[in-house]
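Good morning. Please have the sequence and the model open, and I will go through a few contacts in order.

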Amino acid sequence: MTAPETPALDTVRRDALAQLLLATADDEFVIGFWDSEWTGIAPMLEEDVATSSISQDEIGHARALYELLAELTGQDADEIAFGRQPEAYRHAALMNHARTDWAFTVARRYLYETADTVRLEALARSSYEPLSQLAAKMRREERYHLMHLDTWLRRLAGSDGARERLAEALRTLWADALAVFSPVPGEEVLVRGGELPEPMATLRTRWLEQISPVLAGLGLPGPTADDLAAGAEDGRTRRTDAFRWLHGEFTMVAASERGATW
Amino acid sequence: MVAAADPREAVIWAALDEIPDPEIPVISVVELGVIGGFAFEPDTRGGERLTVDLLPTFVGCPAIDVMRDQVGERLRGLELADEVEVRISFAVPWTSDRISLEGREKLRASGFAPPALMAIGAPSVPESDLLTMAVVATCPYCGSRNTTLENPFGPTLCRAIYHCADCRQPFEQFKAV
C-alpha cells in the first residue's frame, strides 16, 4: 500500500503548486471540450470514434488533476471545473480558439500533444508524488494521442490544398501555442523544490527543438520572430468570445442545478 | 500488505475474483489486474478498516466508479472489517501487462485480442516503439497474424479496432498501455 499522503506544504509553495495544477488541468479540460464538438461530424466514422475517445481521455485527465488540486486546497473538484467564470480559467491561449475546420483542429492538437508530451515527461519527475504518479500514468495514454496526431499531420501535409490549410492554421496558432509554456505564477519556488523539475522556459526550448525539424521537413511553418516574442505573461489569462461561448456550453448542465449529484 | 498467514486474504481475493469488469464482463477485476492491493488498518473508532487500492486502466475510465462501488459492496458483505474503503490509486500505474494469463485467455475466447505484452518489468516502451508494437494483433477468431490496425481508438478508452485479412472479421483488442 503505497498511496501517498498529501505532504504538508507552506502557503507559498502550495499556492504555486495549485497554479501549476490548475493550468495543466484547464488545458486538458478545455481542449477536451473543444474537440468533443467533432463527435458525430468528424471527417469519417473512424475519426469520429478516435477524436471522441481522445477528448474523453483529456477530460478524464482534467478530472484527476482537479481532484489533486481539490485535495491540496480543500475545494470541490466539480466546483473548480464548472463553477468558475470564464476569466478565472487558466488554460493557454491556444485553447481560446473555436474548433474551426479539420486542418485547424489537427494543427492545434499536434501543437498541444507535442507540448503536453514535453510537460508530462517533466511532471513525471515531480517531487510532489501525487502529481508524478498521475503524470506517469497519463503519459502511457498520451502516446496514443501523439501517434494519432502525427499520422494526421503527415497525411494532411501530403496534399497541396490540405497543407495550405494546415500552414494557415499554424501561422494563426503559433504565438498562442507557446503560451502552454508561459511561466506559472510562483514557478521559481516550484523549480527550487522540484515540484516542477525544470522551468517552463527550458521545456519550451526543448519542445521547439523537437517539433521544428518535423514541421520544416513537411514544408510547414515554424514560429516567426514575432510569435516567439509575443507576450508570455498573459498567455494563460487572455480570454476570447469563442471561449466564453464554449464555457456557456460546458457549464450549462451544472449551472441548471448547482450542487446536484448523479 | 496483509501478512501471508492472515486467512482473510484468500477470502478477499476469492470475493474480488467474482466481480466482473463492468465493460468486459467475461473477466474479473482481479484478472484485469486493477486490484493494487489491500490492507487492514486500525480505524478512528478503535475498530479495523479494510483499505483497497483500485488502479484505473485509463485515468478517464468511466467504469471506475462502478468498480469502486461493486468492490466496496462485495467486501462490506464479507463483514471482515468494521469499515471498507476503496481508493483510486495511481501509485502503481496499471499497464496491460497486469492482465493475468487466465484473463488473457478469457478475453481471446470471447473475441477480444489480448494486448501485446510489453516486457514485464521493463521501463516504459519508448514513444518511437509504440507504432511497431501496436501494428499487429493475433486474430481471436482464427489465430492469424495477417491483421491490420484499423483504429487505435475503439468503443471504449481501452479498446482498439483491427481487421483480419484471413477470416475477414473485424475484431477488438484490449489496448496495450
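Val106(A), setting aside neighbours within four places in sequence, is in contact with Leu149(A), Trp152(A), Leu153(A), Leu156(A) and Leu166(A). Two residues are in contact when their C-beta atoms, placed from the backbone, lie within 7 Å. Before I go on: this is a predicted model, where local features need pLDDT of at least 70 and side-chain atom pairs count only at pLDDT 80 or more, while totals for chains, interfaces and linings use all residues. Residues are numbered from 1 along each chain as its sequence is written, and chains are lettered from A and ligands numbered from 1 in the order in which they are written.

Which residues touch the most other members of the largest nonpolar core? They are Leu94(A) and Val106(A), in a core of 113 residues. A nonpolar core is a set of buried Ala, Val, Leu, Ile, Met, Phe, Trp, Tyr and Cys residues joined through C-beta atoms within 7 Å. Buried requires 20 or more other C-beta atoms within 10 Å of the residue's own; exposed is 12 or fewer, and partly exposed is in between. The most residues in this core, 13, come from helix 1 (residues 11–36) of chain A. Helices here are DSSP runs of H or I with at least four residues, numbered from the N terminus. The core lies between domain 1 (8–88) and domain 2 (111–174) of chain B, because both give residues to it. Those bounds come from an automatic or database domain assignment.

Next, Ala179(A), in the loop between helix 6 (160–177) and helix 7 (187–193) of chain A. Is Ala179(A) buried or exposed? Ala179(A) has 26 other C-beta atoms within 10 Å, so this residue is buried. Not counting residues up to four places away in sequence, Ala179(A) touches Leu94(A), Ala92(A), Ala93(A), Ala232(A), Gly235(A) and Arg236(A). From Ala179(A) to Gly231(A) there are 52 residues in sequence, but 8.5 Å in space, C-alpha to C-alpha.

Arg192(A) is in helix 7 of chain A. Arg192(A) counts as exposed because there are 10 C-beta neighbours inside 10 Å.

Last, the two chains. In chain A, 28 residues are in contact with 25 residues of chain B. On the chain A side, helix 2 (45–73) and helix 5 (129–157) each supply at least two residues. That side divides into 14 nonpolar, seven polar and seven charged residues. Here Ala, Val, Leu, Ile, Met, Phe, Trp, Tyr, Cys and Pro count as nonpolar, Asp, Glu, Lys and Arg as charged, and the others, Gly among them, as polar.
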